[in-house]
Amino acid sequence: MQNLNKPTKAFRIASLAALIVGVGAYFIGLYNAPMALNEKGYYFTIMLFGLFSVVSLQKTVRDKMEGVPTTKAYFLASAVATVSAIVLLVIGLLNAELLLSEKGFFGMAFTLSLFAAITVQKNVRDSHVIGESRKASIESRKTDNEQEYNALEAEDSPKTV
């Protein structure tokens, strides 16, 4: 396993802010877009599908890096889902009757959201792993201290013959 540092509070906040801004901008733009309700539903579903797929892919890659058993089928399904979400958004935007600037806005908000979702998930995982390793370290020190204390007690106690 690689040496991990806990993400700084500023980085965690910035990542979460990027996710909120990206998803919020996408959904506000979608709400205000001059399109039919079924089109809005399509783009809404693509965003949810994309967020889920990138988090799932990042988790699978991270598990493989840490030696956690993962199936090739799940990794492949996550990768295909991620690519599919991106391709479906591109196809939808190419065929949408929107201004080029609106299409670019949706593409950028989608990209920001996917990247931020990966980053937030990584921060959560790093914080959890580091928290678990700190707990284990504290427990180990506690056990060592108890053993040391017991050894000193045994030395200090009067010996009976």
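Student: Why is F106 called buried in this model?

Tutor: The model is a predicted one. F106 has a relative accessibility of 4%, and buried means under 20% relative accessible area, so F106 counts as buried.

Student: What makes Y26 count as buried or exposed?

Tutor: Its relative accessibility is the value to consider: Y26 stands at 0%. The limit for buried is under 20%, and therefore Y26 counts as buried.

Student: How many aromatic pairs are found in the whole structure, and why is the pair of Y26 and F106 called edge-to-face?

Tutor: A search of the whole structure gives seven aromatic pairs. For Y26 and F106, the ring centres lie 5.5 Å apart and the planes stand at 85 degrees. Rings pair if their centres lie within 6.5 Å, and planes over 60 degrees apart count as edge-to-face.

Student: Which parts does the pair of Y26 and F106 tie together?

Tutor: Y26 belongs to helix α1 (residues 9-32), while F106 belongs to helix α4 (residues 100-156). The pair therefore ties together parts that are 80 residues apart in sequence.

Student: Why are Y42 and Y43 described as an edge-to-face pair?

Tutor: Their ring centres are 5.3 Å apart and their planes make an angle of 80 degrees. Since planes over 60 degrees apart count as edge-to-face, that is the class of the pair of Y42 and Y43.

Student: Which residues form the aromatic cluster?

Tutor: Y26, F27, Y42, Y43, F44, F105, F106 and F110 form one aromatic cluster.

Student: What makes K64 count as lying over the face of F75?

Tutor: K64 lies 4.4 Å from the ring centre of F75. The limits are 6 Å from the ring centre and 35 degrees from the ring normal. K64 is listed over the face of F75. K40 likewise lies over the face of Y31, at 5.9 Å from the ring centre.

Student: How many helices and strands does the protein chain have?

Tutor: The protein chain has four helices and zero strands, and its pattern along the sequence is α-α-α-α.

Student: Why is α2 called roughly antiparallel to α3?

Tutor: Helix α2 (residues 37-65) and helix α3 (residues 72-95) pack at an angle of about 150 degrees, with axes 8 Å apart. Angles over 145 degrees count as roughly antiparallel, so α2 is roughly antiparallel to α3. Their crossing is left-handed. By class, the contact of α2 with α3 has 16 nonpolar, eight polar and one charged residues.

Student: What is the relation of α1 to α2, and how do you know?

Tutor: The axes of α1 and α2 come within 10 Å and cross at roughly 165 degrees. With the limit at over 145 degrees, α1 is therefore roughly antiparallel to α2. The crossing of α1 and α2 is right-handed.

Student: Where is T60, and why is T60 called buried?

Tutor: T60 is in helix α2. Its relative accessibility is 2%, and buried means under 20%, so T60 counts as buried.

Technical notes
Residues are numbered from 1 along each chain as its sequence is written. This is a predicted model: local features need pLDDT of at least 70, side-chain atom pairs count only at pLDDT 80 or more; totals for chains, interfaces and linings use all residues. Side-chain values use heavy atoms; hydrogens and water are left out. Axes are lines fitted to C-alpha atoms, for helices over the stretch in contact, and angles run from 0 to 180 degrees between N-to-C directions. Helices (H or I, at least four residues) and strands (E, at least two) are DSSP runs, numbered from the N terminus. Angles under 35 degrees count as roughly parallel, over 145 as roughly antiparallel, 65 to 115 as roughly perpendicular and the rest as oblique. A crossing is left-handed if the near helix is turned anticlockwise from the far one by less than a right angle, and right-handed if clockwise. Ala, Val, Leu, Ile, Met, Phe, Trp, Tyr, Cys and Pro count as nonpolar, Asp, Glu, Lys and Arg as charged, and the others, Gly among them, as polar. Rings of Phe, Tyr and Trp (its six-membered ring) pair if their centres lie within 6.5 Å; planes under 30 degrees apart count as stacked, over 60 as edge-to-face and the rest as tilted. Buried means under 20% relative accessible area, exposed over 50%, partly exposed in between (1.4 Å probe, protein chains only).
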